[in-house]
Amino acid sequence: MNIVAITACPSGVAHTYMAAESLEQAAIARSWTIKVETQGALGTENEITSGDVQKADAVIITTDIELVGMDRFEGKAIVETTVKKLVVNAAEILDSACDVAVA
(Lines give C-alpha, C1' and ligand atoms only; values in the text may rest on other atoms or scores of the structure.)
Protein backbone atom coordinates (compact mmCIF):
# COMPACT_ATOMS: atom_id res chain seq x y z
CA MET A 1 0.00 0.00 0.00
CA ASN A 2 1.07 3.54 -0.70
CA ILE A 3 -0.49 6.07 1.67
CA VAL A 4 -0.35 9.87 1.92
CA ALA A 5 -1.53 11.63 5.05
CA ILE A 6 -1.92 15.03 6.64
CA THR A 7 -1.74 15.64 10.36
CA ALA A 8 -2.67 18.88 12.13
CA CYS A 9 -3.87 19.90 15.59
CA PRO A 10 -5.18 23.21 16.96
CA SER A 11 -1.86 24.29 18.47
CA GLY A 12 0.18 22.76 15.64
CA VAL A 13 2.90 21.47 17.88
CA ALA A 14 3.24 18.17 19.75
CA HIS A 15 0.14 16.26 18.65
CA THR A 16 0.67 17.08 14.98
CA TYR A 17 4.08 15.43 15.08
CA MET A 18 3.04 12.61 17.42
CA ALA A 19 0.30 11.65 14.95
CA ALA A 20 2.76 11.75 12.03
CA GLU A 21 5.22 9.54 13.89
CA SER A 22 2.51 7.05 14.87
CA LEU A 23 1.42 6.73 11.24
CA GLU A 24 4.97 6.34 9.98
CA GLN A 25 5.80 3.62 12.53
CA ALA A 26 2.59 1.69 11.83
CA ALA A 27 3.21 1.86 8.07
CA ILE A 28 6.81 0.66 8.45
CA ALA A 29 5.56 -2.29 10.53
CA ARG A 30 3.41 -3.28 7.54
CA SER A 31 6.11 -2.57 4.95
CA TRP A 32 3.85 0.11 3.43
CA THR A 33 5.01 3.35 1.90
CA ILE A 34 3.75 6.53 3.55
CA LYS A 35 4.34 10.25 3.22
CA VAL A 36 2.99 12.44 6.00
CA GLU A 37 2.52 16.17 5.56
CA THR A 38 2.31 18.17 8.76
CA GLN A 39 0.44 21.45 9.00
CA GLY A 40 1.56 22.93 12.27
CA ALA A 41 3.06 25.90 14.03
CA LEU A 42 6.00 25.84 11.61
CA GLY A 43 3.70 25.89 8.58
CA THR A 44 3.40 23.06 6.08
CA GLU A 45 6.25 20.56 6.17
CA ASN A 46 6.92 17.53 3.95
CA GLU A 47 4.28 18.77 1.49
CA ILE A 48 2.43 16.13 -0.51
CA THR A 49 2.91 16.73 -4.24
CA SER A 50 0.53 15.93 -7.08
CA GLY A 51 2.82 13.03 -7.97
CA ASP A 52 2.51 11.67 -4.42
CA VAL A 53 -1.28 11.88 -4.69
CA GLN A 54 -1.33 10.09 -8.05
CA LYS A 55 0.68 7.16 -6.63
CA ALA A 56 -1.37 6.93 -3.42
CA ASP A 57 -3.81 4.11 -2.81
CA ALA A 58 -5.50 6.06 -0.01
CA VAL A 59 -5.35 9.34 1.90
CA ILE A 60 -5.51 9.70 5.67
CA ILE A 61 -6.64 13.04 7.02
CA THR A 62 -5.86 13.37 10.70
CA THR A 63 -6.96 16.70 12.00
CA ASP A 64 -8.92 18.61 14.54
CA ILE A 65 -8.83 21.82 12.47
CA GLU A 66 -9.58 22.92 8.90
CA LEU A 67 -6.79 21.96 6.49
CA VAL A 68 -5.26 23.75 3.53
CA GLY A 69 -5.22 22.06 0.11
CA MET A 70 -7.87 19.38 0.48
CA ASP A 71 -8.99 19.75 -3.16
CA ARG A 72 -5.82 17.94 -4.32
CA PHE A 73 -7.29 14.65 -3.01
CA GLU A 74 -10.45 14.75 -5.11
CA GLY A 75 -11.34 11.26 -6.36
CA LYS A 76 -9.07 9.48 -3.86
CA ALA A 77 -10.16 7.07 -1.14
CA ILE A 78 -10.04 9.12 2.09
CA VAL A 79 -10.11 8.15 5.74
CA GLU A 80 -10.70 10.98 8.20
CA THR A 81 -9.95 10.74 11.91
CA THR A 82 -8.99 12.84 14.88
CA VAL A 83 -5.45 13.29 16.11
CA LYS A 84 -6.31 11.61 19.42
CA LYS A 85 -7.72 8.49 17.75
CA LEU A 86 -4.67 8.20 15.51
CA VAL A 87 -2.11 8.60 18.28
CA VAL A 88 -3.90 5.90 20.30
CA ASN A 89 -4.38 3.42 17.43
CA ALA A 90 -2.56 4.17 14.19
CA ALA A 91 -2.76 0.53 13.10
CA GLU A 92 -6.56 0.63 13.08
CA ILE A 93 -6.54 3.79 10.96
CA LEU A 94 -4.15 2.18 8.46
CA ASP A 95 -6.45 -0.85 8.27
CA SER A 96 -9.33 1.51 7.48
CA ALA A 97 -7.27 3.11 4.71
CA CYS A 98 -6.61 -0.30 3.21
CA ASP A 99 -10.33 -1.13 3.38
CA VAL A 100 -11.37 2.05 1.53
CA ALA A 101 -8.61 1.65 -1.04
CA VAL A 102 -9.77 -1.81 -2.10
CA ALA A 103 -13.50 -1.00 -1.90
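Ser31 is exposed, with a relative accessible area of 67%; exposed means over 50% relative accessible area, buried under 20%, and partly exposed in between, with a 1.4 Å probe and protein chains only. Ser31 lies in the loop between α1 (14-29) and β2 (33-40). From Ser31 to Tyr17 there are 14 residues in sequence and 21 Å in space, C-alpha to C-alpha.

This is a predicted model, in which local features need pLDDT of at least 70, side-chain atom pairs count only at pLDDT 80 or more, and totals for chains, interfaces and linings use all residues. Residues are numbered from 1 along each chain as its sequence is written, and side-chain values use heavy atoms, without hydrogens and water.

The protein chain contains 4 helices and 5 strands, where helices (H or I, at least four residues) and strands (E, at least two) are DSSP runs numbered from the N terminus. Their order along the sequence is β-α-β-β-α-β-β-α-α.

Strand β4 (residues 58-63) pairs with β5 in the parallel sense over 4 bridges; pairing requires that DSSP finds at least two bridges between two strands. Within β5, Val79 is the bridge partner of Ile60.

Values for the whole chain follow.
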